[in-house]
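Biologist: I have a new model open and would like to learn how to read it. Could you walk me through it?
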Amino acid sequence: MKHQFFGRVIAALAISLLSNFANAQGVTKDEILIGGVGPITGPAAYIGLGGRDGLAMAIKEINAQGGINGRKIKLIFEDDGHSPSKALGAVKKLIDQDKAFMIFAAGGSNSTVGFIDYMKEQQKVAYVSFASAPAVTFPFNTYMFRGATTEVARYGELYSEFIADGLKAKKVAIMNGREEYPKNEGNALAKTLQDIYKVDVVARVEFNIGDKDFTPQLLDVKKSGAQVVAFFGNPAEAAIAMRQARELGIEQKFFVGATMVDKGFTNVAKENAEGATGFSLVPFLPGTQNAALQAWETKWKAEYPNLPAGRPNVFDIMAYTDMYVLAQAIKTAGADLNTQTLIANLEKIKDFSPSPLASPITFSTKHHIGNLNLTVMEVKNGEWQPIGWKPTRPSEILKRYE
Amino acid sequence: MTIAIALQLLISGLSVGSIYALVALALVIPFKASGILNFAQGEFVTVGAYSALVLTAFGLPYWIVLPSTISIGLIIGLVIERAIIRRIMSAPEFTLVIATFAIGLIIKSAIRLYWQDNLFAIENPLPFKTFKFSGIVINPQYLWVIGCTTTLVCCLAWFFKCSPMGKAMRAVSQSQDGARLMGIHVERVLMTSWGISTAIGALGGILLAPIIGINPEIGGLILKALVAAVIGGFTSLPGAFVGGLLLGLLETYSGAFFGSTLKNLIPFVMLVVFLLVKPYGLFGKAPLVRI
C-alpha cells in the first residue's frame, strides 16, 4: 500500500516535471500567449495603435485558419506611453504576471530601449517590429529580433547616400527631436554625411516631442544656408515645422525620417508637404493603387470601420506582416515550441515575404536585422509616391557581425 | 534679424497668443463670477475639436459646424455647472479646483475610449496656402484665429457693459449677496458664466483643429492660459486678452533670440516675476479693504 502511494507520487511529479519541460511559459497544447507592447496614448500613439491593430488582425486571421500547429494565438497588449520606464513595467507585467511566451514590440525606439536588458536577463524572445535603436540588434544578442524596420545605422547609410547623390546637396541642416529615434537618426545621418560623402552639416537643431512652434530652430536653419533640411520627429511636429518653414521663407527641400513617410503626415501637412522626400519601410504605402494593398485595406476597413482617414498606416502593415513572419517560425518550430526552437527557426528565415505588402525579411545566426531594403518616396499631389531612386553603395553594417 | 523676419514673428506670436487669449478668457469669466478656477478648461477646447470632427463627419459645412460646436460647448458647460459644480459650490476652494481637474480627466479619458489617440484632421473653407503681403508671408488660418479672438473680445466687452446678463455677472462678481438682494438670480448667472466659458473653449478647439490636427491632447494649453491670465490680471477680461497676446509674442521672440530651450522657460520665469512684482497683473486691481 505504502509502495503504491509513493509510486503514484513519483509518477505524478515526473509527469508534472515533464510537462513543464515540454511546455515553455505561455505555451500550452492549444494556445500561445504573446505579449504586445507599444504606445497607444500620447504623441506617439499613431505608432502603437497601428501596431496593435495590425498585429491583432493578423492573429485573428491565423486563428481563423486553425492557429499554428493546432495552437491558437492569444494577444495581451499593454500601453508603453512612449516611455522606457513604462515599457519596462509593461513588459515585466506581461512576462512575470501574464506569463507570456514572448514579446512583440510595436513601439518606437524611445520605449523599446527600456526593456532590452530585461529580455536578455529573462532569456525570452522580443520581436521588435518598428524600433530602429541600435541596441536592439547591435551588439548581437540571441533574444532580440528586428523585423520590418531596419537598424538606425542602415538609415544613416541610405539617407546620406540619397541626400548626397540623389538630391546633390552639399550643405544639410538637421532638425531632430530629443528622444531616442529622432536623435539616433539625426546622429547617423550627420556621421555618414560627413565621414563618407564630405557633406557639411551646417545646422543641427533639436526640439521636444509634442512641440508646436519651431520658429527658433527654423531661424537657425535659415541662417545656415542649407540646401536640404532633414527632419526627424513625429508627423504632427513635421507638419507644423514645414508650414512655419514656408512662412519664414525657407523654400529648401525637406527630407523626413521613415516614420513620416505615411498618410498621417500628408493629411496634416497638406500643401506644405509637397516635394518632401523620405524612405518607406514597406514597398507600398496605404492608399497606393496596388491590387494586393487595396484588398488588404478592404479587409482592414471591415475590421476597423470607425478609424480616421490616416489609418491604416504603415505601422498597421508592418505589424501585420511581421506577425506572419513570426508565425512562419512558430510553424516550423513544430510541436516542441520553446524559446530555443523559436530562435533557431527565426534564424532560418531567409528572404521571407509573407505578402507583397512586406519587404523580404532575413535573419541568420550572425545577425537579427530582418530588413535592409527601403524605398525612396516623394510627396506629389498630396501623396507619397516612389521615385525609383536606388542606392548603389553596398551596406557595411552587416560586416560588424562577422 | 531682418525687419521682415521680425514682422513674420509678430504674426506668428499674435496667432499663438490669440489661442492662449481665448483659453485665458474662458478661465477668467467663471473665475470672476464664482471664484472657481476651472482646470478642465483645456478639455473644453478638446470637446470643441471633437464636436467639430463629429459634425464634419456628418457632412455639415463649416459655417454650420462652427456655431453648432460653440452651442455644444455652451450646453455642456451649462449641464456640468448644474449637475456638478452647483452641488459642490460650498466646498473649500481646493476641493473645487480638484473637482474641475477631475472633470477634465474624465472628459479626456472618455474621448480616448472611443477615438483613442489617433490624429484626425478637419478642413475649413479658408485656404492653407500662404500669401505675401509687403514681404511678409501670411497664413489665412492665422488671420482667422486672430480675427475670431478679436471679435470675441469686442462681443464680450459689449456683453458685460450693455446686456442685462453681463451687468448681472459683474454684480455677482462684486458681491453675490448684494446681487441677490437686487433680485438677480445668482445661480442662473453662475451657470451662464460657465456656459459662456465652455463655449469659448469649444471655439478654441474648432479654430485650432485645422492647424494642428485633433487628438486628445489638443487642449493641453491650460498652463499657458493660466500664465496669460496672471500676466493680464486674473479678474480682467481685457487683461486675459492682452496677457495671451503678450505671452504668445514673448514665447516667439524669446525663442528666436535665445533658442528653443529657453523659449519654454521664459514664460514661467515671467509668471514668477509678475507674481512677485505685480501680483494682480497688468489690468487687475487689488481688492479694496475698508478700514
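Modeller: Gladly! Bear in mind that this is a predicted model. Let's begin with chain A, where the C-alpha centres of domain 1 and domain 2 lie 28 Å apart.

Biologist: Which residues belong to domain 1 and domain 2 of chain A?

Modeller: The domain assignment puts 21-150 + 290-371 in domain 1 of chain A, and 153-280 + 376-401 in domain 2 of chain A.

Biologist: How many residues of domain 1 of chain A are in contact with domain 2 of chain A?

Modeller: We count two residues as in contact if their C-beta atoms lie within 7 Å. Here 19 residues of domain 1 of chain A are in contact with 18 residues of domain 2 of chain A. On the domain 1 side, the touching residues comprise ten nonpolar, eight polar and one charged.

Biologist: Let's turn to chain B. How many helices and strands are there in chain B?

Modeller: Chain B has eleven helices and two strands. Following the sequence of chain B, you read α-α-α-α-β-β-α-α-α-α-α-α-α.

Biologist: And why does the radius of gyration of chain B agree with that of a compact globule?

Modeller: The idea is to compare the chain with a rule based on its number of residues. For 291 residues, a compact globule would come out near 19 Å, and chain B has 19 Å, so the two agree. Along the principal axes, the C-alpha atoms of chain B fill a box of roughly 60 × 50 × 35 Å.

Biologist: What share of the residues in chain B is buried?

Modeller: Buried residues make up 49% of the 291 in chain B. As for contacts in chain B between residues at least 6 apart in sequence, 76% join residues at least 24 apart.

Methods. Residues numbered from 1 in each chain as written. Chains lettered and ligands numbered in written order. Predicted model: local features only at pLDDT ≥ 70, side-chain atom pairs only at ≥ 80, totals over all residues. Helix = DSSP H or I, 4+ residues; strand = E, 2+ residues; numbered from the N terminus. Rg over C-alpha atoms; globule rule 2.2 N^0.38 Å. Buried ≥ 20, exposed ≤ 12 C-beta atoms within 10 Å, placed from the backbone. Domains from an automatic or database assignment. Nonpolar A, V, L, I, M, F, W, Y, C, P; charged D, E, K, R; others polar.
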